[in-house]
Amino acid sequence: MTEHFAFHLKTTDGLARLGEITTSRGVIRTPAFMPVGTVATVKALYPDQVRDAGADILLGNTYHLMLRPGAERIARLGGLHKFMRWDGPILTDSGGFQVMSLGKIRKITEEGVAFQSHLDGSRHMLSPERSIEIQCLLGADIQMQFDECIELPAERREVERAMELSLRWAERSKRAFEAQRAAGGAHAGQALFGIVQGGTDAELRHRSAAALVDMDFPGYAVGGLAVGEGHEAMIATLGQTLPALPTDKPRYLMGVGTPLDLIESVRLGVDMFDCVMPTRNGRHGYAFTWNGALNMRNAKFAEDMSPLDELSSCPGARDYSKAYVHHLIKSGEFLGAMILSWVNTVFYQDLMAAMRDAIAHGRFAEWADETKARITKRPA
Ligand SMILES: CCCSCc1cc(N)cc2c(=O)[nH]c(N)nc12
């Protein structure tokens, strides 16, 4: 693994950015959407389908993989890439967010978070040091600092406390990552990102961003959003936070979002996204198409033999009828979830490819307005 981690900003169109992230396992074209592979699989999809959809990078989860099959076991078996047969870059989240949303009987201290597994009640501890150790055992190309993300709305003093704790944990995460590098547990092709917190409070966001920039990370995530604040507040907070981050480093908006969220966030200067929406909504019967989102449970599709989306680059969207997918979803058949997860994953990758092309040709604003009108219209 010789290639050093690097970000190249190729061009801009307003605040929208076209770039490339180089890792030791390949290049990530930005703006990029990263399919979520929580427990070493992008649910209901083969790795080749994820790659063919256009994804350059996918996500893994420290919380889930430490509980099952175990980080040390994955390391013994050759690392996460070999284990799940994905040879491109992998980004792993640090686990704190998932502990707070899934773990049971949690206790947060300066040291970290003690919790019980949602699977079997076993007791565990995550700290910045243990989180980095796990992410290195998995072999993640881009790792996230250990942080505390709280749900919104929340009292300002609570948001401030979590933001300040996350900054202390950022320092510890960085020291742990550097120690891993020195000990051979990580290499120059891997990177650790800081995570900006601060809720929807501009002053807290600026304090968090400035302190992280002083620590000099190779990339910065905007965390603490898509946690109940709503689209408008998220976009407003992004508009206040992104200018505080360096332009020569990638910006990753965590856990976002709908197609509309992606378009408006790229317009403001976000480079990377992840969200379970394409696959989770697919499993629940929703299809993202170039003519708006379709709820395939709707009886109006029962005898509609037209393709799911004839404008899609996904064979599944062109080959299978709405009537057939409606039947599969109503019947709870695996194939329904498989087809819609595939269709939606391709839609999100095609949306990002269209954004990259629009930025490259200096027509992002026009493209965004046209596309928003198309994909958010209520289908007949
Ligand atoms: C695989 C899932 C990755 S993104 C999870 C996530 C999602 C959202 N919305 C916020 C945060 C956050 O503030 N911190 C961290 N570590 N993760 C977050």
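Modeller: Happy to! β5 (58-61) and α5 (96-102) each bring at least two residues to the shell around the ligand; helices (H or I, at least four residues) and strands (E, at least two) are DSSP runs, numbered from the N terminus. This is a predicted model, where local features need pLDDT of at least 70, side-chain atom pairs count only at pLDDT 80 or more, and totals for chains, interfaces and linings use all residues. Residues are numbered from 1 along each chain as its sequence is written, and side-chain values use heavy atoms, leaving out hydrogens and water.

The shell's residues are nine nonpolar, seven polar and three charged (Ala, Val, Leu, Ile, Met, Phe, Trp, Tyr, Cys and Pro count as nonpolar, Asp, Glu, Lys and Arg as charged, and the others, Gly among them, as polar). Of these 19 residues around the ligand, Asp93, Asp147, Gln197, Gly224 and Leu225 come nearest (a residue is near if one of its heavy atoms lies within 4 Å).

Now for the individual atoms. Asp93 places a polar side-chain atom 2.8 Å from a nitrogen atom of the ligand, and a polar side-chain atom of Asp147 also lies 2.8 Å from a ligand nitrogen. From Gly224, a backbone N or O atom lies 2.7 Å from an oxygen atom of the ligand. Taken alone, the ligand exposes 450 Å², of which the protein buries 95% (areas by the Shrake-Rupley method with a 1.4 Å probe).

As for confidence, the predictor gives the complex an ipTM of 0.99 and a pTM of 0.98.

Note on methods: A polar contact is a pair of N or O atoms within 3.5 Å; within protein, one must be able to donate a hydrogen and the other to accept it, and residues adjacent in sequence count only if both atoms are side-chain atoms.
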